[in-house]
Amino acid sequence: MQGSAGEELEQKCPFPSDASSGTLFQRTARERVVSSSLISFPSSLFPLPPSLFSLLAFNALALVIAAVFLRCHALCTIPGFNGDEAWYGIRAWQILHGGGQGWNTPTGNPLNPLFVGPLALLHLWMPPSIWLLRVVAVASGMAALAINWLFCRWIFDRRTAAISTVMLAVLPINIAFSRFAWDASQTVAATLPVVYLSLAAVRFPERFGRWIAASILALAVAVWVHPINVFVGAAIAAACAARLWSGKAKEKTQTSGRAASVVLLVLAGLLLAAWLWVACGERDAVWGRVARHWGDVRDAARATYLYPRLFTGGTVYCDVAGSRSWMDGRGIDVGLFWACVLGSAWLIWVNRRDRRSRLYDEHLRFRICDGVLPMAWATSLAAFVLVAGAEALDPGQERFALCLIAPTVLLVARGGVLVWAWAAASPRWRIVLAAATLAGWPLLADYYVHYFRFIEQTGGQAHMTFRAAPVEPKLAALRYILDESARTGTGKTHSGELWIISSQEWIRWPIRYLAIDEHGVRVPEPAEVRSSDEYSRALSEGGVWFVEFAGTEELRQVERQLAGRRPTRQEFLDYGRRPVICVLHAKTGSSDKFSH
């Protein structure tokens, strides 16, 4: 008579024969009762006092609201408007008006219709603006929270859904990329279904093939959003492996089921290999990259501290603001991160293997899902480091590592649920549990201080394109050119055209997008300038304005070109009162070609 509490519970409330094949977001009433009796939020086996439960629920809601506020605050000015964002706005405008060619980004990736499509629709009703571009990214970040909540409640329970959703909401990297009009802003929303549908295959084993096929389809969509998302396909491989090598899901796996698992696993592997060949074959052999990273101990060592700082905000603070986190520098963030991740993996392993443990989870289907999580997390991380390398985690490259967020957050959330159950069972530890739920506030405070406040005080210390001011510097330069031309009646050609020239795409693309609806404004490419007789005529008629970053070699070249012409000069300052953008204009100019 050594039955566990789970066995007794299952005898009292046995699963219906078709419980493992539930449809999306639907479970039987009896399944809901059994599920809520152990790990739902709140738990009847480990009940929390109503006052403590209300406090925790209020704190979780407040964290999400504060995180949403940080996603929307100063959206038009912080950080500075960059060329990659502007490119998507221009392409959306061209799609609406029949201009432009090609369906690839400047880096060769396929155009993401889930991002460009909404942008094009918004431009039907509203004029070009920085806010208009970035609101799609904000909506994508919000969609990721909703997707996680719905899928996580379906696969696990409300408690896991609450913890993981709050984690996704407060992570600095997620807040930062919810404010950038890049296709990478949709990475988290696109990769979450891949992970959850893979887990559904082991959660509902009688429909294993259906859910694996759905996860492969979701992976194809995620790769279309951004090719680097292929690494989240490790969740599919982990689910297939669990199906192949587990002796039972709820019953013994049939031979046909094993054969289907092998076929689906091979298919997923072929898709991964094809992507790696296409993505890496032209520049470097895939196996050459793997061999180089495998043999480089320093590369692995760098990944051990860059990977945690992807989540704590260390890399994005450095890249966008030029600041450092409170925890950065002493390794506190790295130590805490690895303690949470490895501790969660260990708890899940103990909970799966030891039926006598007080952390034992009574539901076999949850334990199988929990077993897949560490395998999916470790496989995706190892594949990423071996193929992409630690350099893909460097500040400025962290957008390539966003595909690692979903499996990591879900792993830690499941570990948190097990800790919650253990702590809630002991009244002495409930105060510790309540204190732990406040951990999101330091992350949000760190983001506000080292992102918003730092930029508002200094203008930013990173790349000049991210430097910010009360009015975005590139937008201010365009307004100045248009207003000055209208006020003085000069600055245009005899035909009424106004040329704005910049040698740097970080300036050229934003101004081109913001001026796309302005009649008679041309923002040409440098190659067009060098070969254009129209440019020479516009320069001689005083219809050319030059815009460059202050203090750069490109600006000095323009100054040398206009030497002796007494050009007017206007500088635009950032929050720290430092020059960011410089506008030069000569009412009459030479006929020399622009030679950037």
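Predicted model: local features only at pLDDT ≥ 70, side-chain atom pairs only at ≥ 80, totals over all residues.
In which hand of crossing, left-handed or right-handed, does helix 21 pass helix 22?

View 1. Helix 21 passes helix 22 in a right-handed crossing. The two elements comprise residues 473-488 and residues 505-514, respectively, and their axes lie 10 Å apart at an angle of about 60°. Helix 21 and helix 22 are therefore oblique to each other.

**View 2. Residues in the contact of helix 21 with helix 22.** Helix 21 contributes K474, L475 and L478. Their counterparts in helix 22 are W506, I507, P510, I511 and L514. By residue class, this contact consists of seven nonpolar residues and one charged residue, with no polar residue.

**View 3. Packing of helix 9 against helix 10.** Helix 9 spans residues 187-203 and helix 10 spans residues 208-225. Their axes are 8 Å apart and form an angle of about 165°. Because angles over 145 degrees count as roughly antiparallel, helix 9 and helix 10 are assigned to that class. The crossing of this pair is left-handed.

**View 4. Residues in the contact of helix 9 with helix 10.** On the side of helix 9, the contact is formed by T187, A190, P193, V194, L197, S198, A200 and A201. On the side of helix 10, the residues are F208, W211, I212, A214, S215, A218, L219, A222 and V225. Of the residues in this contact, 14 are nonpolar and three are polar, and none is charged.

View 5. When neighbours within four places in sequence are set aside, N109 is in contact with W103, N104, H226 and P227.

View 6. The chain has 596 residues, of which 55% count as buried. Its accessible surface comes to about 25,800 Å², and carbon and sulfur atoms account for 62% of that area. Among contacts in the chain with a separation of 6 or more, 75% join residues 24 or more positions apart.

Technical notes. Residues numbered from 1 in each chain as written. Heavy atoms only, no water. Axes fitted to C-alpha atoms, helices over the stretch in contact; angles between N-to-C directions. Helix = DSSP H or I, 4+ residues; strand = E, 2+ residues; numbered from the N terminus. Parallel < 35°, antiparallel > 145°, perpendicular 65-115°, else oblique. Left-handed = near helix turned anticlockwise from the far one by under 90°. Contact = heavy atoms within 4.5 Å. Nonpolar A, V, L, I, M, F, W, Y, C, P; charged D, E, K, R; others polar. Buried < 20%, exposed > 50% of the residue type's maximum accessible area, 1.4 Å probe, protein only. Areas by Shrake-Rupley, 256 points an atom, 1.4 Å probe, with all protein chains shown as cover.
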